[in-house]
Structures are given as structure tokens and as C-alpha cells.
Amino acid sequence: MKKIVILTGAGISAESGLSTFRSADGLWNNYKVEDVATIEAFEYRPDMVHKFYNELRHIMNKAQPNLAHYAITMLQSELLDTEINIITQNIDLLHEKAKNKNIYHIHGRIDECICLNCGQITKVGGDISSVNSCPHCEVMGMLKPNIVFFGEMPKCLNKVEKLLAECNLFIAIGTSGVVYPAAGFVQIAKENGAKTYLFNLDKADNVDLFDYHFYGKASETFKQFAEDLLIEQESSL
Ligand code: OAD
């Protein structure tokens, strides 16, 4: 069986209207990371952190997947004898909304919060604030958005390590290759023998580690790539 790993970043969601982090109008050009994405910020100014993620949740709830997400859906349902796993840095739920399968959210999810007192994860419908109590342990003010802040450990890394060791093809879509450990996944896959493909609007920081580069909007470049794979499959049957 062929095994494909797709690593996604904010660029795959850009055409769904969601801001990336490092573009000129990106989130990190309008907010300071240390104000909204660190444990210290959460300890000292929790309501500022909650306000940032509450607003993002409203925006993300309204967003819809684009052709790049649906191209993954198509590959997962039509490529024969192939397992496709998605490692996403995105906290939006556009892969889920596009009915993608095998999704690993290494930077967390916008629809969850985690209690810093008891560790339980709870689904979030509306806004959260520092006066909310955990539904499990009932302690107030300890519900943190279930997002990996700077300095925290990404999630699912054991599973990710296994997927990277086993894949024959590693594809990155819409990620600047700046944030580790995700930026290093291509190297691990390559060392384990995978071919490596990058689909990005422009050059990523780790561009040299990719065998093939497709520059442009992922809804065009990756959709075309997915269609070509299926045509190739059909002609070889
Ligand atoms: P970045 O904002 O760093 O990079 C987004 C990349 O997507 C850029 O290289 C763009 O060129 C590319 N891009 C933009 N529009 C695109 C399009 N339509 N098609 C294809 N590519 C496009 O976002 P990430 O790499 O995802 O972490 O950032 C990684 C992490 O940094 C995020 O998960 C976030 C952030 O701090 C946390 O919040 C924990």
C-alpha cells in the first residue's frame, strides 16, 4: 500500500477567507504573539487571550472549505491502495468540513478548550471567558483554548513520527516552513525515503528540502495535481 502524508498550514485555508500568520496582513502582523499565544499571556491577561480566540472562532465557524480541501477528499476516496494522512497545523476545522479523513491537529483545535486544573478537554460552542468553570472539575478560570501556545509541545507527535517514517510521499501545502517541529517533518520523511512535494504561494523557508515545487494558489495547483494523479491511475488500470 502507498502511504501519503499531507502537512497543511494556514495557506490552504487562505482561499476560504482565513488570514495566514506571516503575510503582510497576517495575524502576527496585527497581534503580538506574546500577548495572545503564550502561557504567560494566559496567566496574566486571560481575557485578552480569550477575546482573540473567541473572535477567531466566530470567523472560523463561518468559513467553508475550498477546492484544495476538496481535492484531498477526492484523493482519499478515489486513489486505490493508498492511505492518506493529514497532519495539520491549522486550528480551523476546514479539513473536517470537507469530509477529509485521518486528520491530526498538531496545534490544537478552535472548537475545544482544555482545563489547566484537571486536563479534561471540552467542546466549545460559544465564547469562553475567565469566569467560566470547567464542566468536569468545576474550577473557575482554568479553561484555556485547546491551542498549542509558543513554548508548548505540539500534539500527536508519536503518531506523526510513525506516519513520517512510513510514508512514500510527503506533501506540504500552504506553510511557510518557519515553525518547528512541523518545518522539520519534510526532512524526516525524506531521510526515510519519501518523495517530497511543496504547494505554496511562494518559497517556503525549508524549500530546499523539497524535490518538487508548485507555486501558486493551492486551490489551483493542488487541485490540478490531484486530478493528474487520478488520470494517471485510470490510464494504468
Ligand atoms: P504562515 O502564515 O507562516 O505561512 C503560510 C504560507 O502559506 C505562506 O508561505 C504563504 O506563501 C502560503 N500561502 C498563502 N496563501 C496561499 C494559497 N492560496 N495557496 C498556497 N499557499 C498559500 O502559516 P503556517 O506555516 O501555517 O501556530 O504557520 C505555522 C504556525 O505558525 C501556525 O500553525 C501558527 C503560527 O504561529 C500556532 O498558532 C501554534
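Guide: A search of the whole structure finds two cavities of 30 Å³ or more. On a 1 Å grid over the protein atoms alone, a cavity is a set of points where a 1.4 Å probe fits but cannot get out, while a pocket is an open set with protein on both sides within 12 Å along at least five of seven lines, and lining residues have an atom within 4 Å of a point. This is a predicted model, in which local features need pLDDT of at least 70 and side-chain atom pairs count only at pLDDT 80 or more, whereas totals for chains, interfaces and linings use all residues. Residues are numbered from 1 along each chain as its sequence is written, and side-chain values use heavy atoms, with hydrogens and water left out.

Visitor: How much space lies in the largest cavity?

Guide: The largest cavity holds about 90 Å³ of space, where a volume is the space filled by probe spheres set on grid points that are joined across faces, edges and corners. Its lining includes Ala10, Ser13, Phe21 and Asp92, and both domain 1 (1-17 + 64-107 + 154-237) and domain 2 (19-62 + 109-147) give at least three residues to that lining. The domain bounds come from an automatic or database domain assignment.

Visitor: And what about the second largest cavity, how does its lining divide by class?

Guide: The lining of the second largest cavity has eight nonpolar, four polar and no charged residues, counting Ala, Val, Leu, Ile, Met, Phe, Trp, Tyr, Cys and Pro as nonpolar, Asp, Glu, Lys and Arg as charged, and the others, Gly among them, as polar. About 50 Å³ of space lies in this cavity, and Leu7, Val179, Leu198 and Phe210 are among the residues that line it.

Visitor: Let's move to the pockets. What volume does the largest pocket have?

Guide: The volume of the largest pocket is about 940 Å³. Its lining is made up of 42 residues, and Ala10, Thr20, Phe21, Arg22 and Ser176 are those nearest its centre. By class, that lining has 21 nonpolar, 14 polar and seven charged residues, and at least three residues come from each of domain 1 and domain 2.

Visitor: Which element gives the most to the lining of the second largest pocket?

Guide: That is α5, which gives five residues to the lining of the second largest pocket; helices (H or I, at least four residues) and strands (E, at least two) are DSSP runs, numbered from the N terminus. This pocket has about 150 Å³ of space, and Tyr31, Phe52 and Glu55 are among its lining residues.

Visitor: Now the ligand, which residues come nearest?

Guide: There are 23 residues around the ligand, with Phe21, Arg22, Thr175, Ser176 and Asp202 coming nearest, and a residue counts as near if one of its heavy atoms lies within 4 Å.

Visitor: Last topic, the backbone: which peptide bond is cis?

Guide: The bond from Tyr180 to Pro181 is cis, with omega near 10°, and Pro181 sits in the loop between β7 (169-173) and α9 (185-191). Asn102, which is not a glycine, has a positive phi of about 50°, and its place is in the loop between α7 (94-97) and β3 (103-105). Most residues other than glycine have a negative phi, and most peptide bonds are trans.
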